[in-house]
Amino acid sequence: MNKSGNDMLSTRFDRPDGHLLSVYEAEGGYKALKTALASMQPTEVRDVVKDSGLRGRGGAGFPTGVKWGFVPADADEVYFFVNADESEPGTFKDRLLLDYDPHQTIEGTIISCFAVKAKTAFVYIRGEFGWLIDRVQVAVNEAYAAGYLGKNILGSGFDLEMIVHKGAGAYICGEETGLINSVEGRKGQPRLKPPFPAVSGFLDKPTIVNNVESVASVPWIITNGAEAYKNFGTEKSCGTKLFSVSGPVKNPGVYEIPLGLPFREFFNEQLGGMADGEKLKAVIVGGSSVPVLTAEEAMNVNLDYESLTNAGTMLGSGGMIIIPESSDMVELIQVLMHFYFDESCGQCTPCREGTGWLHKIVKKMRKGEGTVGDLDLLEHVCQGMAGLTICPLSDAAVMPMRSFIEKFRPEFEALIQETAPAGNCSLWPRGEQE
Ligand SMILES: Cc1cc2nc3c(=O)[nH]c(=O)nc-3n(C[C@H](O)[C@H](O)[C@H](O)COP(=O)(O)O)c2cc1C
Ligand code: SF4
């Protein structure tokens, strides 16, 4: 963890004992829960979170309090899922929240459940995070023993059971309805929406799915108030955000920064610029599913939802991948397309087939067998995939693919055999996937 002085979520990231209940309590932990249960109505908690402007940190940036408001007021049974699947390439922030400070997320979850009147919460942890599952389970046990979970929490009459659930390593189970299906014991395949989970989710009951970072932000907001939260960030992108930064910068790692910080400032002052001998070529700001920015574009953008959208990309999960001049962009997109092909759940034809074709075509180009029609063919495949599927995984493959071609076209063109017939639709043996 790299401290940047904006530590709302990351106060205990550099503490070896920050995961302990005693340490969390000594630093004011669970006071927000006590305040919420003793002096607030569930709707008040929801309104404070809504007023704070907190937006979901799992990728889509949907306002958290607004989502909570979609749960029908007369629902008899509500479920809450903390999404700790964290499989988006380039993203490694939620694991720190759960490893170094699990009680912050647990407290945030209890308060969130109180707000939406959920009596059962699942913490859905990516299967590969074996040690985290143990870490969170120990913290959950501590919370039960201290009376923060279970029946009649702190004498308030509010009951909550918390279940730590281990995923099985599928990227698609990070998508909220794929996640719900997998906990129900079904295939981890996304559901068609509507209905949205807030209305009909787990066991067809109203269900809220929130990212770890979103939930972990809640105690601070309840303790300090919506206005204090809005003092960080911009008018529409409030608060701080964790960015996990990988690639050859001097100081890679996880940073908590106020939204709206210029990339240039973040890059020069906190990341320390590029490592010796490296030059910046491109940046993926929000995890591999968002369009890539050239170095010049990145240097002129601010790190908030609106600025990044205006620049043609997205904040996403904050998984920032720094790409050096020495990187082969075609190789990089081949790796990404292989990932999406591998992780497609297969239920929509455009995604199941399209991700495979994108990967095959790029792979063929890298073998030196690219033909003149391949770039058009890639675009043709993208057109058949974008916005046409049950979940956004298909678009998540299309967005980087298109932006890589648009911004680094000469690297693709260099792989094309000028002698091959124009429009050649790339006849290569079927079934050959790496
Ligand atoms: C393919 C795919 C993978 C996803 N993976 C994750 C994930 O690992 N963690 C996460 O919080 N959200 C992930 N999401 C987003 C979730 O569907 C959902 O929007 C999010 O958990 C909602 O929480 P938030 O509102 O707090 O952001 C994924 C979405 C898609 C389409
Ligand atoms: S878009 Fe892809 S991953 Fe999403 S539901 Fe369809 S086939 Fe599955």
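This is a predicted model: local features need pLDDT of at least 70, side-chain atom pairs count only at pLDDT 80 or more; totals for chains, interfaces and linings use all residues.
**Four-stranded sheet**

I began with the open sheet of four strands, which has the order E3-E2-E1-E4 and parallel pairing. For my own record, strands (E, at least two residues) and helices (H or I, at least four) are DSSP runs numbered from the N terminus, and two strands pair if DSSP finds at least two bridges between them. The edge strands are E3 (161-166) and E4 (207-211), each pairing on one side only. On average, neighbouring strands in this sheet are turned by 20° against each other, direction ignored. Axes here are lines fitted to C-alpha atoms, for helices over the stretch in contact, with angles from 0 to 180 degrees between N-to-C directions.

Residues are numbered from 1 along each chain as its sequence is written, while chains are lettered from A and ligands numbered from 1 in the order in which they are written.

Next I looked at one pairing up close. Strand E2 (residues 120-125) and E3 pair in the parallel sense over six bridges. Phe-122 has Ile-163 of E3 as its bridge partner.

Then the helices on this sheet. Helix H6 (residues 102-116) packs on the sheet and touches E1 (79-84), E2, E3 and E4; contact means that the C-beta atoms of two residues, placed from the backbone, lie within 7 Å. The direction of H6 makes about 150° with that of E1. Helix H8 (residues 176-183) lies across E1, E2, E3 and E4 and runs at about 110° to E1.

The peptide bond from Lys-193 to Pro-194 is cis, with omega near -5°. The bond from Pro-194 to Pro-195 is also cis, with omega near 5°.

I also flagged Glu-86, which has a positive phi of about 25° although it is not a glycine. Glu-86 sits in the loop between E1 and helix H5 (94-100).

**Whole chain and domains**

Stepping back, I count 18 helices and eleven strands in the protein. The C-alpha trace spans about 80 × 45 × 35 Å along its principal axes. The radius of gyration is 22 Å, which agrees with the value near 22 Å for a compact globule of 434 residues; it is taken over C-alpha atoms, and the globule rule is 2.2 Å times the number of residues to the power 0.38.

The domain assignment gives domain 1 (21-230), domain 2 (240-324) and domain 3 (329-413), with bounds from an automatic or database domain assignment. I looked up the pair of domain 2 and domain 3: their C-alpha centres lie 23 Å apart. Seven residues from domain 2 and eight residues from domain 3 make the contact. The domain 2 side of it divides into four nonpolar, three polar and no charged residues. In this count Ala, Val, Leu, Ile, Met, Phe, Trp, Tyr, Cys and Pro are nonpolar, Asp, Glu, Lys and Arg are charged, and the others, Gly among them, are polar.

**Five-stranded sheet**

I went on to the open sheet of five strands, with the order E6-E5-E11-E8-E9 and mixed pairing. Its edge strands are E6 (253-258) and E9 (293-294), each of which pairs on one side only. Strand E5 (residues 240-246) runs antiparallel to E6, and six bridges join them. Leu-242 has Glu-256 in E6 as its bridge partner.

**Ligand shells**

For ligand 1 I find 23 surrounding residues, the closest being Gly-56, Gly-58, Gly-174, Asn-211 and Ser-214; a residue is near if its C-beta atom, placed from the backbone, lies within 6 Å. The shell divides into eight nonpolar, nine polar and six charged residues. Its largest share, three residues, comes from E4. Domain 1 and domain 3 each give the shell around ligand 1 at least three residues.

Ligand 2 has 15 residues around it, and the closest are Cys-345, Cys-348, Cys-351, Thr-389 and Cys-391. I sorted that shell into eight nonpolar, six polar and one charged. Helix H16 (349-369) and helix H18 (393-413) each supply at least two of its residues. Domain 1 and domain 3 both contribute to the shell, so ligand 2 lies between them.
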